[in-house]
Amino acid sequence: MFAKNIIFCLLIVVCLIFAMTAHAREIGHTSVTFTDSARSRQIPAEIYYPAETAGRNVPVGEPDENGFPIISFGHGYLMPWSVYANIWTVLVPAGYIVCLPRTGGELFPDHEEFGLDLAYVIRALQAEGADSSSIFHEKTGQTSAVMGHSMGGGASVLAASSDSTITALANLAAAETNPSAIEAAKTTDIPALLFAGSDDCVTPPEAHQIPLYNALASDCKTLVILTGGSHCQFAAYHLTCNLGESGCPGPGINRAEQHALVARFLLPWLAAMLKKDSEAWDTFESLLEDGQGITSAHTCRTVSPAPETPQTDMPSLFRCRFYPNPFNSQTTIEYHLPQKGTTSVRIYNSQGQCVWRQDPGAQSTGTHRLNWAGIDRNGHRLPSGYYICQLRWNGTIHSARLILLK
């Protein structure tokens with residue numbers, strides 16, 4: 001009970017912070033059918049948006065000068081859009097327009113078409129911002145994110161790979177799709193946040209979200225595995241999903257706790273990526289470092305949501321990456337030194353104990369690599385769990401969380 005109270009208090013604090021900084025709003029709702037003439041396809045969708053008063057077809061509230069960012073959300077297999085109220089009731093008051101396409105509900109859905117629908121509704125809503133006859137006239141922003149759960153999570157990757165104008169990608173228990181979301185991730189280089197449940201036996205992380213995370217071409221990607229989280233608890237209760245979990249062990253946390261954990265990380269991440277809020281980014285990274293209720297993998301060369309450094313300047317930066325992460329037998333630590341200096345690498349366990357160390361010493365300018373096989377200083381195999389890799393160079397320290405899975 002004490003742990004539950006802590007989680008709910010944290011959610012309340014996060015929501016209050018974003019309410020104060022972004023003017024918490026009421027929730028408006030409208031139903032629209034978009035037409036993608038290039039595919040001769042009708043896309044019925046439900047749209048929830050910031051409003052001054054709650055209700056259907058009420059006027060859209062006044063955004064800041066950048067407009068409201070747009071989020072497209074894809075439902076799970078044979079699950080209706082209506083079970084994702086936990087998404088729009090958190091995001092809309094924080095200043096986002098959330099669009100949920102109702103396509104993809106067939107017994108044998110076309111994942112590729114569903115992904116294209118998720119991408120199209122973002123472009124269509126942005127176009128509404130330029131239409132004086134639309135309720136969204138001068139309300140929509142140019143930044144956007146594509147999201148989804150399960151099948152919709154996999155389709156969100158297909159959407160991101162098909163449309164370079166999408167700003168960011170986030171999903172919940174994303175499932176492998178046909179065509180492959182994992183293959184599509186190899187050409188998806190936008191910032192990404194993937195959620196998974198440690199107790200998910202429908203789309204277990206080791207077969208779905210972890211390969212997806214490893215495949216992403218993004219320079220800034222995060223995998224958050226909710227301890228005790230299940231597949232279906234990313235949404236409201238739904239019989240079809242519940243039947244799919246009938247042979248699974250019970251989750252370690254309840255539905256409300258799982259929703260609270262998602263909101264805790266999703267709100268600051270979206271604010272950083274879609275609203276360029278540097279304080280929100282600091283909050284997000286602090287939450288990852290704190291690690292309460294989660295295990296995470298985080299690789300991000302972008303140290304803030306400020307405009308990216310031009311590619312021509314990249315060799316002047318000290319940067320590193322870790323791949324694969326999570327890993328089973330071995331991970332590679334790759335780092336670039338802008339000038340010669342002394343380096344050392346230390347691995348710490350979750351109790352803060354240094355379990356492995358490597359001291360390359362003086363190294364020249366350029367890219368260097370070394371491998372860690374998940375062993376301690378005596379060569380013994382370490383247990384599964386998360387570890388902190390700390391790379392030191394000329395007084396500069398870069399830390400990242402690694403996940404070892406046996």
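Modeller: Gladly! Let us begin with a word: buried means under 20% relative accessible area, exposed means over 50%, and partly exposed is in between, with a 1.4 Å probe and protein chains only. In this chain, buried residues make up 54% of the 406 residues. Please keep in mind that this is a predicted model, where local features need pLDDT of at least 70, side-chain atom pairs count only at pLDDT 80 or more, and totals for chains, interfaces and linings use all residues. Residues are numbered from 1 along each chain as its sequence is written, and side-chain values use heavy atoms, leaving out hydrogens and water.

Colleague: Why is Ser 40 called exposed?

Modeller: Ser 40 has a relative accessible area of 70%, and the word asks for over 50%, so Ser 40 is exposed. Ser 40 is found in the loop between strand 1 (26-36) and strand 2 (41-51). Helices (H or I, at least four residues) and strands (E, at least two) are DSSP runs, numbered from the N terminus.

Colleague: And what makes Leu 78 partly exposed?

Modeller: The relative accessible area of Leu 78 is 29%. The in-between class runs from the 20% limit to the 50% limit, so Leu 78 is partly exposed. Leu 78 lies in the loop between strand 4 (68-74) and helix 2 (85-91).

Colleague: What makes a group of residues a nonpolar core?

Modeller: The members must be buried Ala, Val, Leu, Ile, Met, Phe, Trp, Tyr and Cys residues, joined through side-chain atoms within 4.5 Å. The largest such core here has 49 residues, and Leu 91, Phe 195, Leu 266, Trp 269 and Leu 270 touch the most other members. Helix 8 (residues 255-275) gives this core its largest share, 11 residues. A second, separate core has 48 residues, including Ala 45 and Ile 97.

Colleague: Which residues does Leu 266 touch?

Modeller: Leaving aside residues up to four places away in sequence, Leu 266 touches Leu 91, Met 147, Ala 170, Leu 193 and Phe 195. Contact means heavy atoms within 4.5 Å.

Colleague: Where is there a cis peptide bond?

Modeller: The bond from Asn 178 to Pro 179 is cis, with omega near 10°. Pro 179 is found in the loop between strand 7 (168-172) and helix 5 (181-185).
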